[in-house]
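Take a moment with the sequence and the model below.

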Amino acid sequence: MADIQGSYDDLFTAVPSALSALLDEGDAGASVAVFVDGEPVVDVWGGFADSERTIPWQRDTITNVWSVTKTMTALCALVLADRGDLDLAAPVGRYWPGFARAGKEKVLVRHLLGHTAGLPDWDGPVEDLYDWPSATARLAAQTPQWEPGSTAGYHSLTQGFLVGEVVRRITGRSLGEFFAEEVAGPLGADFHIGLPAEHDHRVALAIPPASRDEDYVAGSSSGKAPPTTATRVRLRDGNSVAWRRAEIPAANGVGNARSVGLVQSVMACGGTVRGTRLLSRAGCDRARQEQFSGEDRVLGMPIRWGLGYGLFDQTYGWGGWGGSLVVIDPEARMTVAYVTHQMREPAEDNRGLEMVMAAYDGLKGLRA
């Protein structure tokens with residue numbers, strides 16, 4: 001059995017056991033955290049932080065969580081909405097006047113969060129993702145691919161720039177700055193959107209699936225996703241220093257399971273964690289307001305979108321390319337976070353779900 005570090009409540013032994021099994025199966029390294037009532041009942045990690053398996057995964061090892069970052073960006077928008085600074089039903093052009101052209105005059109803020117704005121594709125060079133003014137200007141010039149609000153298509157890279165620019169126009173701060181000062185800072189969460197150089201030594205770079213190399217690109221798990229002409233991000237792009245330094249609020253957040261679970265526990269616990277109040281219970285509930293239910297035309301699979309989160313029965317959350325995942329259960333006041341740098345093919349990857357099911361095994365004992 002692979003050696004697992006950290007701590008956990010005895011009722012939740014299934015979680016570290018599940019992590020150990022994944023490492024025994026060949027995964028390099030990962031961390032898992034389960035929070036109940038805002039407190040960690042599981043905080044474990046194991047394996048290695050490098051592909052050569054010479055550097056042990058440490059308590060403070062961090063890695064790119066890819067699209068799990070979208071849950072952090074959504075939280076920032078929900079905080080502003082709860083404060084009355086952002087009207088989710090308002091046209092985006094109210095806050096970003098230059099956006100209201102080329103058929104986007106009727107795009108609402110909630111369309112950005114619910115993947116229904118009609119701007120799913122990044123069609124510029126990867127390098128432009130590292131330049132905020134260039135990226136947002138490109139999106140402001142785009143024409144929607146469908147009538148905004150009429151259907152959904154996953155905005156895998158574009159959503160963070162769209163929501164982030166609205167946040168910047170309102171607050172005068174970038175999404176990464178706002179998140180650091182208003183969310184991560186008050187909570188003491190080790191999560192970053194735009195990573196300062198002093199943290200580079202803690203980063204576990206992403207490792208491609210078996211038989212793949214650093215030219216590996218993202219794809220849907222459904223097999224029904226339609227072909228796209230959008231720019232494809234390669235694994236080598238995500239492992240670059242330029243990617244880490246930039247703010248790509250849909251895809252380049254860096255953290256570990258502890259920090260992901262801590263931040264999203266705010267949503268599980270009605271807006272307050274460890275005495276820090278970020279938003280009201282009503283503000284949290286907004287996340288579950290359904291924006292779309294049906295087949296996502298980009299993912300090629302059925303999905304329910306809330307405001308910045310995927311909706312799954314009584315839970316909500318989202319996962320990232322390569323396997324990282326966060327799931328929030330407000331009824332149980334529980335958050336489960338799984339963060340790994342070991343990628344698997346999407347259609348063959350149930351690791352995050354295994355962690356969630358193991359956490360529910362522990363919750364049964366806790367609530368008994």
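What follows is a walk through a predicted model.

Start with the strands. Strand β1 covers residues 4-8, and strand β3 covers residues 39-47. These two pair in the antiparallel sense, over 5 bridges. Find Ser 7 and look across: Asp 43 in β3 stands opposite.

How many residues lie between β2 and β3 in their hairpin? There are 2. Asp 37 sits in that turn, with a positive phi of about 55°.

Move on to helix α4, residues 132-141. Look at its start. A side-chain oxygen of Asp 131 comes to within 3.1 Å of the backbone nitrogen of Ser 134. Which residues of α4 are buried? They are Trp 132, Ala 135, Thr 136, Leu 139 and Ala 140. Look down the axis of α4, and its buried residues fall within an arc of 135°, so they line one face of the helix. What do these buried residues pack against? Their partner is helix α5, residues 158-171.

Next comes Thr 69, which is found in helix α2. Is Thr 69 buried or exposed? Thr 69 counts as buried because its relative accessibility is 0%, and buried means under 20%. Its side chain has a polar atom 2.8 Å from the backbone nitrogen of Gly 253. Gly 253 is also one of the residues in contact with Thr 69 when neighbours within four places in sequence are left aside. Others in that set include Phe 191, Ile 193, Ile 248 and Pro 249.

Finish with the nonpolar cores. The largest has 80 residues. Its members that touch the most other members are Leu 129, Phe 179, Leu 187, Val 260, Met 267, Leu 279 and Tyr 309. Which helix gives this core its largest share? Helix α2, residues 69-83, supplies 9 residues.

Zoom in on Leu 129. Leave aside its neighbours within four places in sequence, and its contacts include Trp 122, Leu 157, Phe 161 and Val 233. Trp 243, Ala 246, Glu 247 and Ile 248 are also among them.

Conventions
Residues are numbered from 1 along each chain as its sequence is written. This is a predicted model: local features need pLDDT of at least 70, side-chain atom pairs count only at pLDDT 80 or more; totals for chains, interfaces and linings use all residues. Side-chain values use heavy atoms; hydrogens and water are left out. A nonpolar core is a set of buried Ala, Val, Leu, Ile, Met, Phe, Trp, Tyr and Cys residues joined through side-chain atoms within 4.5 Å. Buried means under 20% relative accessible area, exposed over 50%, partly exposed in between (1.4 Å probe, protein chains only). Helices (H or I, at least four residues) and strands (E, at least two) are DSSP runs, numbered from the N terminus. Contact means heavy atoms within 4.5 Å. Two strands pair if DSSP finds at least two bridges between them. A polar contact is a pair of N or O atoms within 3.5 Å; within protein, one must be able to donate a hydrogen and the other to accept it, and residues adjacent in sequence count only if both atoms are side-chain atoms. The arc is that of the directions from the helix axis to the C-beta atoms.
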